[in-house]
Amino acid sequence: MVKTGLDRDRFSLSKLLASSIGHTQYAASIFSSSQSPNLFMFNTIIRGYSVSDDPQRALTIFNDLRTQGILLDQFSFITTLRACTRVQALAFGRGVHGIVLRSGHRSFVEVKNSLLHFYGVCSRISHARQLFDEFPQGNDSVSWSTLMGGYLTASEPSLAIELFWQMIWSGLRGSATTMLNVLNAIGDVGSLLGVETIHGHCIKTGFSLKLNVATALIDTYAKVGNIHAGRKIFNEMDQKDTAMWNCLIQQYARYGLVEKSLELLNLMKLKQVLLNSSTLAGLFSACDPSTATSIGKYIRESVDEEEICTDTVIGTALVDMYAKCGFLEKAAGIFNRMRDKDVKSWTAIISALGNHGQAGESLRLFCQMEKEGHKPNEVTFLAVLSACSHGGLVTEAMNCFHKMAWEYGFSPRIEHYGCIVDVLGRAGMLDEAYDLIKNLPVKVDATTWRALLGACRLYGNVELGENVKKMLRETSRLHPADAILLSSTYAAAGRLPKIAMTEELKGQEETVKEAGRSNIEV
């Protein structure tokens, strides 16, 4: 092209750029060589960077495009918003939204869906809902599914389910993605009736024949406590892919049905279904100290037999398994030898260190994770907060909590607040912990109140203990541990419990405590 002068022809150069978009550096050199790139070339290079390892560069090129005075089209916005979503550039994305409104492109449903996805990923679900409601007639099935996904990201599964039925009542059929989203939401809620209803809907609409929807049904049935219904769906499917086998193996493992998991794995080999790292990672979750040796040996043999690469998935599963079984040095050794680490790998080792009382080392690895460019998720922050709680690190816990909310934009869940309450209680800051619970924007569960009651026992704070016991009585079912904890609080303060407390304890004398058991593997 250089010899013939075609490199100066914008049409030919545009075609060459489009065919080279999979190789970002080469595509960038072609784009740079163009003296006056047109809109198609700008859109193409932005699209290339939006799916590359450097999506931030797409935002810079979009700004360059605007300085050229070229009239933008819908593809300019779609590709740029994809990049904004990947780096969660909230301010830049809102700026793009403003340009969309001023340029009259908000009527394009693809642009609207890109904005919905952007706001959902950035945990700005109120913005997404407002955009969705502005012109409801222009919403397609992708719009509904995208907003449902946003509600799931925002930990609002009930609203996602409600939105699904609104979509069905509006006359839209939905898509396989819609079914996956609503099943995910029902799994979070834990409604058996809900999954049975969606299952019936999938049978009527034919979605139950799709492998990914059938796999999601198996997974959701298991989550709500009916793994037998999931196995029935599995048996009825004429075709099964590796993901479906993996799903059932993992769910059997989660239920502690190790024999079922191994039986299914052997059947999978017999039918010559290709195993992958996720297949064996599901078995790792079944390992506890009593079965670690036998299952670990079986999995190592399977890895060698099937010539499966020890990738991030298996490495992370090994770290988690060895940590749960008490072999922290082995877990750390595997983590250090892993070439590629993702957020799950870092979270696994951070959680392992925190659970084994090494809060300082857990925090050090969290800082190292950030320095190496890995973005923590909500589970990572929960692991760090739990480590701070076990280690009594109040200042570090509060700093981590603020970083999660303000720097990363995550909405704290009840588990995160529970860790903060626990760390304040362990440090003797009982009034602060009580005030925090009373002013929380989410409904507090009994576990959080009992954590504070346990702290009252530790420090002998009878008055606050009485208030906490009263709140437990109002918000949850009575539990024998509540009265025992409060009685121990009186004892720690050197005081006799009230007559009502004594009567309550007497009424619980007939409560039978389940005997503990221990197993060893020979």
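In this predicted model, K240 lies over the face of F234, at 5.1 Å from the ring centre, where a charge is taken to sit over a ring if NZ of Lys or CZ of Arg is within 6 Å of the ring centre and within 35 degrees of the ring normal. F234 belongs to helix α14, residues 227–236, helices (H or I, at least four residues) and strands (E, at least two) being DSSP runs numbered from the N terminus. Its relative accessibility is 2%, so F234 counts as buried; the term buried stands for under 20% relative accessible area, exposed for over 50%, and partly exposed for values in between, with a 1.4 Å probe and protein chains only. When neighbours within four places in sequence are left aside, F234 is in contact with I218, K240, M244, W245, L248 and L264, contact being defined as heavy atoms within 4.5 Å. The C-alpha atoms of F234 and W245 are separated by 8.3 Å, the two residues being eleven apart along the chain.

Residues are numbered from 1 along each chain as its sequence is written. Because the model is predicted, local features need pLDDT of at least 70 and side-chain atom pairs count only at pLDDT 80 or more, while totals for chains, interfaces and linings use all residues, and side-chain values use heavy atoms, with hydrogens and water left out.

A further charge over a ring involves K341, whose charged end sits over the ring of F335, 5.0 Å from its centre. The structure holds 14 aromatic pairs, for which rings of Phe, Tyr and Trp (its six-membered ring) must have their centres within 6.5 Å, with planes under 30 degrees apart counted as stacked, over 60 as edge-to-face and the rest as tilted. In one of these pairs, the ring centres of F335 and W346 are 5.1 Å apart and the planes stand at 80 degrees, so the pair is edge-to-face. Since F335 lies in helix α20 (residues 328–337) and W346 in helix α21 (residues 343–355), the pair ties together parts that are eleven residues apart in sequence. Both F335 and W346 are buried.

For F381 and F410, the ring centres are 6.1 Å apart and the planes at 65 degrees, so this pair is likewise edge-to-face. The pair links distant parts of the chain, with F381 in helix α23 (residues 378–391) and F410 in the loop between α24 (394–407) and α25 (414–426), 29 residues apart. F381 and F410 are both buried, and together with F366 and Y408 they form one aromatic cluster.

Helix α11, which covers residues 176–189, has 14 residues and reaches 20 Å from its first C-alpha to its last, close to the 20 Å expected at 1.5 Å a residue; the expected span is 1.5 Å times one less than the number of residues. The buried residues of α11 are A176, T178, M179, N181, V182, L183, A185, I186 and G187, and they pack against α9 (141–153), α10 (157–169), α12 (192–205) and α13 (211–223). Within α13, T220 has a relative accessibility of 2% and therefore counts as buried. Beyond its neighbours within four places in sequence, T220 is in contact with L183, I186, G187 and V195. Just after α11, G190 takes a positive phi of about 85 degrees.

Most residues other than glycine have a negative phi.

Taken as a whole, the chain has 30 helices and zero strands, and buried residues make up 47% of its 522 residues. Among contacts between residues at least 6 apart in sequence, 60% join residues at least 24 apart. The mean pLDDT of the chain is 84, and 85% of its residues reach 70 or more, pLDDT being the predictor's confidence in each residue, from 0 to 100. Over residues 499–511, pLDDT stays under 50, and the model has 13 contacts beyond four places in sequence for this stretch. Where pLDDT is low, the predicted coordinates should not be read in detail.
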